[in-house]
Amino acid sequence: MEHIIIIGGGGTGAALAHDLALRGFKVSLFEKGELLSGTTGRHHGLLHSGARYAVHDPTAAQECIAENSILRRIAPQALEQNDGLFVALEETDMAYRRVFVESCRACGISVRQLSAAEALGLEPALNPNLKLALQLPDATMDAWRLPLQFFATAKANGAELHSFAEVRGIHVRSGRVTGVRIFDYKKHREYDVRGDLLVNATGAWAGKICALAGIQVPVQPGPGVMVTVNARLTNMVINRLHPAGEGDIIVPQRKLSALGTSLWLANDPDGIALPRDHIRRIIGLCAQMVPAVKDTPLHSAWCAARPLLGGRKADDPQKISRTFDCYDHKERDNLEGLVSVMGGKATTLRAMAAKTADLICRKTGRDLPCRTAAQKLLHWRLFYQ
Amino acid sequence: MQTVTFRIWRFKAAQIDPPQFQDFKLSVEANMSVLEGLEKIRQEQDQTLMYRHSCHHASCGTCACKINGRERLACITPIKDLPARPITLTPLDGFASLGDLVVDMHRFYKNLSADWSYLRESDHPGPSRAPREVKPFMRFENCVECGACVSACPVTPESEKFMGPAALAALHDELEKSPAKAADLLSLAGGSRGVRWCKSALRCSQVCPTAVYPARHIAELRRRGERSTK
Ligand SMILES: Cc1cc2nc3c(=O)[nH]c(=O)nc-3n(C[C@H](O)[C@H](O)[C@H](O)COP(=O)(O)OP(=O)(O)OC[C@H]3O[C@@H](n4cnc5c(N)ncnc54)[C@H](O)[C@@H]3O)c2cc1C
Ligand code: SF4
Ligand code: FES
């Protein structure tokens, strides 16, 4: 079978390594740091129902709800499946309710309306002045353990996973990618790896990888800040019922509550400093939904960069679609042997991998179906056994 | 902004071998964590510095190391809270280094069964469970599988045979959740790799960053074991 080289050990690379190994390809993956040390391990931990995108980005919403139900089946140990609430606090939120509910239903996302009293019965920490809440199939995911289950399964199926191994160069001969130059941080040495196809799964770093091959891709790093406070204030995910904005979601996890987020556009995914003023702002906004947020000690704050598709500096970044795509650079740039996959969400990692592996099958002339939707993943603990 | 020195244990097989300490001076902001300091060094001074990190909020457990001699998670340790200078960073004890602060976690997971559930009923207070008789709210276990307790335990570096505090705590959690498995679990806890090794030094409970208190679980397993043999 063909040897497929994957660059990037985030959720997308993890799911792709699993999918390709299951289809029988020889797989080698290279990640420059610890696995999942890019954006994936650091995300907010929401298994999206898709509701957040239903009104303005129905494609992403449909992808999310489909993957939401698949991941519940194949990786239940890495999920707190407690649903989510979208809470209405103001008249403007109430006015948004109708289009929100209709859009959710159109995308196949189930919605149940709760009165303020019912919502407070489920979640007593909510703002007592809320007008109503909508219950949806959001869930909490462990941002490290869920993708690690993909890695564990990929490894058991023969994929070779190399962490602390950075791609420093891409070898091209006569318009065709033939392999990569790796710097191994563990052994402090460089070496070459030959492959039949190279997949760029580096998320917000995708532009940097393509630059190594002298081409460009339409990906823009879109960083955001997340904040945890040191108590679990709710059991369900709490969202503000309004158009996607800043500081409008609280994801409970273990004994913490994770508040998020903000969004701006950056040129370089590396070396993004945490803008500390965002912390106060996010806490203030989230406290409108759950007032106790304000009185709970700060636990930590950090930022990560979204891999946004096709964003330009001038766009309203909230409106950039969270869908994903994969590109055959033969078609885009007349460079054979390189595929890029980018965009999407941690929630849609499996679907991103399926689409990319389908493209790889077409390119290699193989007729192998995707089997990842039905395969329960191995436990992350088996990654180390 | 203030300037601090990180004194970091460096090791690369056949390169920096034997290991040695290297000092890095960096300017830090008031609330920066040790992990942010490491990121800054890697970005600005030495790209080859190796450490593990992922979640940046005490959830994945990967960033555990010894900071000024004590096991901590680098991501939730503010630099300003550390009285001693320089800030000395060494890898966890009892694990092999794969490079600098990165340790090989195989040993840790050897004793942690994939059959033991990572979910428990949520203990979040309030009347929130009342209307949901059907399905209780669930949450992840406290243990983030960081290895700090195994490093701090006086027994584990001595003997690979001891399951270690985190595994015994997880075993005890599983026992509480699945009473039907009691016989098997108790015989594992009472077996040749189990509680008999524990010297009740309590170091595990002192260093655990997420308040698992493994020593309490071990004490409880001992009580259960004694009861079942009587
Ligand atoms: C603030 C924020 C909150 C978010 N919240 C959520 C959420 O709640 N739910 C959700 O579903 N999604 C969320 N997302 C989106 C989600 O995190 C990302 O879409 C997803 O993690 C991207 O995964 P990836 O594998 O494509 O990229 P990454 O995880 O970034 O993986 C790419 C990897 O490539 C590696 N790499 C780069 N260059 C090289 C090289 N030269 N050689 C080798 N390796 C290299 C990087 O180190 C990195 O690990 C959030 C994103 C942000 C920023
Ligand atoms: S019990 Fe505590 S110290 Fe030990 S591995 Fe779990 S979280 Fe870490
Ligand atoms: S980075 Fe995840 S626990 Fe510190």
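A polar contact is a pair of N or O atoms within 3.5 Å; within protein, one must be able to donate a hydrogen and the other to accept it, and residues adjacent in sequence count only if both atoms are side-chain atoms. Between chain A and chain B there are 27 residue pairs in polar contact, both at pLDDT 80 or more. This is a predicted model: local features need pLDDT of at least 70, side-chain atom pairs count only at pLDDT 80 or more, and totals for chains, interfaces and linings use all residues. Residues are numbered from 1 along each chain as its sequence is written, chains are lettered from A and ligands numbered from 1 in the order in which they are written, and side-chain values use heavy atoms, with hydrogens and water left out.

Start with the two chains. Contact (heavy atoms within 4.5 Å) involves 55 residues from chain A and 56 residues from chain B. The buried area is about 4700 Å², with 52% from carbon and sulfur atoms. That area is the accessible area (1.4 Å probe) that two parts lose on being put together, summed over both. Six salt bridges cross the interface, each a side-chain nitrogen of Lys or Arg within 4 Å of a carboxyl oxygen of Asp or Glu. Arg42(A) pairs this way with Glu39(B), the closest N and O atoms being 3.8 Å apart.

Now look inside chain A. Asp270(A) forms a salt bridge with Lys32(A), with 3.5 Å between the closest N and O atoms.
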